[in-house]
Amino acid sequence: MSVAKATNTMLRVILLRVGQALATAALLASLCFAFVHMLPGDLALRVAAARVGDERVTPETADRIRREEGLDRPLIVQYGQWMKSLARGDLGRSLLSGKPVVQELAYHGAFTLQLGLIGWLLSYLIALPLGVFAGFRPGGIVDRATDVLAVTLASLPTFLVGIGLVTLFALTLRWLPPAGFRTSAHMVLPAVTLALSLVAFSIPIIRNAVLEVRAAFFMTYARVKGLSPPAAFRHHGIRNAAIPVVTFAALQFAFVIDGFVVIETLFNYPGLGELLVKALIARDVPVIMGAGLVIGFSFAIVSLTADLLRLWLDPRALEAVRV
Amino acid sequence: MADPVLSVTNLTIRERNGHILVRDVTLAVPRGGVLTLIGETGSGKSLIAQAVFGLLPPGLEASGQIMLAGRPPIAAGDSRALSGLWREQIMLIPQEPSLALDPTMKIRRQMALAGLDDEAVDPALAAFDLPVHSVDLYPFALSGGMAQRVLVASALGVGAPIIVADEPTKGLDAERVTQAIATLRQLAAAGRSLLVITHDRHMAEALPGTLAIIREGVIVERGDSARVLAAPESDYGRTWLEADPRHWSRSARCCDMSDLALSAHGLAFGWPGAPLLFKGLDLHLPRRSILAISGASGGGKSTLADILLGLRRPLAGSVEWAGADIVADPSAIRRFRQRYQKLHQDPIQSFVPHLSLARQFTALESVKTGLSVARALPPLLERLKVKPDLMDRLPREISGGEAQRLALARILLLDPTVIIADEPTSRLDPVVQRETMALLRQLVDDAGLGLVLISHDRALLRSVADDEIQLDAFKT
C-alpha cells in the first residue's frame with residue numbers, strides 16, 4: 001500500500017474515532033447527570049451544607065440556592081440547558097466554589113496528568129528491562145523473581161502498597177513527605193505506588209511478547225541468513241514484540257487517568273480524583289458532569305492513540321482497516 | 001561416494017518418550033551434486049533437514065553425526081555447533097515461506113538483511129519472475145508462491161556451498177516448478193551442493209544425482225535418480241510413482257445445474273495501485289460436483305476463494321449462497337457461515353498454536369448445536385486415516401499432511417454445503433494426495449457437497465474436477 005493511501009486510511013480512522021470519542025464523552029456526562037439526580041436526598045440541601053457547613057445550614061439557605069442556581073426547574077430543562085452550553089463550549093460554574101468548571105478541571109487535571117505520566121513512564125522504565133530480560137531467559141532467576149513480584153503486586157490492593165511505602169519511607173525513614181503536593185518530593189511516593197501497580201501487569205505482557213517473538217520461525221531464519229542473535233532481535237524482534245506491548249501500555253495509561261481516585265485520596269493529592277470525590281459529596285452537578293466528559297474523552301483519545309500506534313507498527317492491521 | 005561435502009551418519013531422531021521418528025539414516029551429498037530425498041507426509045524427511053541445521057522442534061532429540069568436508073564431525077544434537085555453519089557453509093530454503101518472513105517488514109529490507117544490496121535485488125527478482133514492485137510489499141500481500149520465490153532468491157544471495165531446500169516447490173504452479181528446477185540445476189552447475197527434500201515427482205525426475213526414498217523414518221531405497229524412478233525396486237517406491245495424478249483416470253460427470261450450492265456473477269477484484277486480478281468472472285457450482293480453479297501463482301486464486309467465502313468484498317459482482325446474494329446482503333453470511341467452509345492452503349496456521357488439537361475440536365461444540373465431538377470425531381478420523389493419539393498434540397507437533405486431514409475433519413463436523421479447498425494437497429505426497437482426492441470426491445458424492453478446488457496442478461484438477469475455470473482468462 002502506498003504511503004499516501006496509508007496516510008489517508010489513518011486520517012479516516014482518526015476522524016471517525018474522534019467523533020466517537022466526543023459522543024461517548026457526552027453520553028458519559030449525561031449518565032453522570034442522571035445518576036446524581038437519582039441519589040437520595042435533597043440536592044440543594046447538600047450543596048448548601050457543603051457551602052456553609054453542616055451545622056449552619058437551614059432550609060432557607062437551601063431554598064435560596066435552589067432558586068439562584070435554577071435547581072427548581074424541571075430536570076429535562078436543566079439537562080437541556082447544560083447541553084446547550086456544552087455546544088458553545090461552556091461547562092458552567094461549580095455550585096460549590098462558583099469558579100468555571102473548565103478552570104477547576106484544568107487545575108486538577110494538570111495534577112493528575114503529571115502524576116499519571118510520571119508513574120506510567122516510571123512503570124515502563126522498570127518493566128521493560130525486567131520483562132525483556134525474563135523473556136530472554138525463561139525459567140531463569142530474573143524470570144522467576146519478576147513472576148513472584150508481579151503476582152504479589154497484582155494481588156495487593158493499591159492502597160496497601162501505598163500505605164506500606166508511606167510507612168517505610170515517610171514515617172520510619174523520614175526520607176520523603178507522606179502526603180500533599182508542594183514540592184517535587186511529594187510526587188515520589190504516589191508515582192512509585194502507581195508505577196508498582198502497573199508493573200504487576202506489564203512485566204508478564206512484555207515477557208510473553210518477547211518470548212513469543214523469539215520463538216517465531218522468522219527469527220530463527222534471520223539467523224540462518226547470517227544475522228547474529230542480537231541483530232536478529234534488533235531488526236525483526238523489537239517491532240513484532242512491541243505490537244502487543246504498545247497496545248497494552250496505552251490502555252494502562254487510560255487506566256491511570258481513570259483509576260487515580262485511590263492514590264490521590266491516599267496521598268491527599270489535588271488531582272481529578274480528589275475533585276470528583278469532593279464534587280460527589282457536595283452534589284456539585286456541573287463539576288461531576290464536566291469530570292465525566294473529561295474522563296470519557298481522555299479514555300477514548302488514549303485508546304485511539306493505542307490503535308494508531310498499532311496501525312503504524314503492524315502493516316497487517318492497516319490492511320484489515322482498509323478492506 | 002567419493003567426495004561427500006555433507007554427510008549425515010546414523011541419524012536417529014526420537015521424541016523424549018523414546019518414540020523414534022527417523023531411524024539410523026545415513027546420507028551423503030556429493031560435492032557439486034544433488035541428493036534428492038522423497039517420501040510421504042510425516043515420513044520424517046523434513047526432520048532430517050531440520051536436524052542438519054540443529055533446528056529440531058523442542059521435545060525431539062537427535063543422535064548420530066553430521067560432517068562437512070574438511071571439518072571434524074559434529075554430534076547431531078549439538079545445535080550450537082551446527083548453528084556455526086549457517087550462512088557460511090549451509091543455507092536453508094525453508095518450507096513455510098509465510099513463517100520465514102518478518103510480517104512487519106517490507107521485502108526489500110528483508111532481502112537487504114540477507115545480504116542482497118539494492119543492485120543485487122533486481123536481478124534476483126527477475127531471475128525468479130517476481131514483479132519489481134513486490135519488494136515494496138509486506139509479506140501478507142504476497143501469495144504463497146511469491147513468498148517462496150522471494151526466499152529462494154534471498155537464499156541464493158548467500159554464498160554457502162551447501163543448500164538444503166525443504167519442499168522448494170510447495171505452493172508453486174507447474175510453470176514455476178519448472179523454473180525452480182532450472183534454478184536448482186543452475187545452482188548445482190555453479191558448484192553448489194544440494195540436498196533437496198520434496199514430494200514433487202517432476203522435481204525428483206528433473207534433478208540429476210542420487211535419489212533416496214524415505215518411509216516412516218527409514219530409507220527404503222536409494223540409488224541413481226534416473227534408475228530408481230524408471231524401475232523402483234521397493235514396493236513403496238512403486239506405489240509412490242503410480243500415484244502421480246497424470247496416471248489417474250479422467251473424471252467425467254454431469255451435474256444438475258438447477259441445484260446450485262454456490263454461484264457468482266461478474267466478479268472483479270484488484271489490489272489498490274495494481275491492475276485488476278480478474279473481472280467479469282462467472283461461476284456455477286452445483287451440489288455433488290467439483291469445480292476447479294486454476295491459475296498462475298500470485299494470480300488471485302486465494303483472493304477469489306476469500307470472496308466466494310464472504311471474507312473479502314469484490315470490487316464488483318455478486319456471490320450467491322443457496323440463492324442469497326452475500327455481497328448485497330452481508331447478513332446472509334452469518335446465517336450460512338457454518339455451511340460455507342474453507343480448507344486452507346496452510347493447515348497448521350488454521351489451528352490455534354497453543355491449544356491441543358483435542359481442545360480445539362471440543363470447542364466446535366459451542367459453535368454447532370447438538371454436535372458431540374466425542375461421538376462424531378472417531379469414525380471421521382478413521383475414515384481420514386488420522387491416528388487418534390495425534391489429538392493430544394499441539395498443531396506445530398504434527399506434519400502438514402496430518403494437519404490438512406484434521407482441518408478437513410474439523411470442517412466435516414460442521415456438516416458443510418460447500419468446501420472451498422485452497423491447494424489442499426500441495427503439501428502432501430502423491431500417495432496421500434491421491435487418497436485425499438479420492439476421499440474428497442467420495443464426500444462430494446455421498447454428502448451432496450459442492451467443492452471448489454483451487455490448485456496450480458492442472459493434471460490433478462483435470463483428473464478430479466467436473467468443471468474448470470482458468471483464472472488467467474479473466475485477467476485485464
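Reader: In which crossing does helix 6 of chain A pass helix 8 of chain A?

Author: The crossing is left-handed, a term used when the near helix is turned anticlockwise from the far one by less than a right angle, right-handed being clockwise. This is a predicted model: local features need pLDDT of at least 70, side-chain atom pairs count only at pLDDT 80 or more, and totals for chains, interfaces and linings use all residues. Residues are numbered from 1 along each chain as its sequence is written, with chains lettered from A and ligands numbered from 1 in the order in which they are written.

Reader: At what angle do helix 6 and helix 8 of chain A pack?

Author: About 140 degrees, with the axes of helix 6 (residues 141-155) and helix 8 (residues 185-215) of chain A 8 Å apart. Axes are lines fitted to C-alpha atoms, for helices over the stretch in contact, and angles run from 0 to 180 degrees between N-to-C directions. Helices (H or I, at least four residues) and strands (E, at least two) are DSSP runs, numbered from the N terminus.

Reader: Which residues of helix 6 of chain A meet helix 8 of chain A?

Author: A:D143, A:T146, A:A150, A:L153 and A:A154. Their partners in helix 8 of chain A include A:L196, A:F201 and A:R207. Contact means C-beta atoms, placed from the backbone, within 7 Å.

Reader: Changing topic, how many residues does each chain give to the contact of chain A with chain B?

Author: Chain A gives 23 residues and chain B gives 25 residues. On the side of chain A that touches chain B, helix 9 of chain A gives the most, with 7 residues.

Reader: Which residues of helix 9 of chain A are buried?

Author: A:F218, A:M219, A:T220, A:Y221, A:A222 and A:V224 are buried. That is 6 of the 8 residues, so helix 9 of chain A is largely enclosed by the rest of the structure. Buried means 20 or more other C-beta atoms within 10 Å of the residue's own, exposed 12 or fewer, and partly exposed in between, with C-beta atoms placed from the backbone. Just after helix 9 of chain A, A:G226 takes a positive phi of about 115 degrees.

Reader: And chain B, in what sense do strand 1 and strand 2 pair?

Author: Antiparallel, over 7 bridges, between residues 4-15 and residues 20-30 of chain B. Pairing requires DSSP to find at least two bridges between the strands. B:P4 has B:P30 as its bridge partner.

Reader: What has a positive phi in the turn of that hairpin?

Author: B:G18, at about 95 degrees. The hairpin has 4 residues between strand 1 and strand 2 of chain B. Strand 1 of chain B also runs antiparallel to strand 4 (residues 60-68) of chain B, joined by 8 bridges, and there B:L6 stands opposite B:L68.

Terms used:
Two residues are in contact if their C-beta atoms, placed from the backbone, lie within 7 Å.
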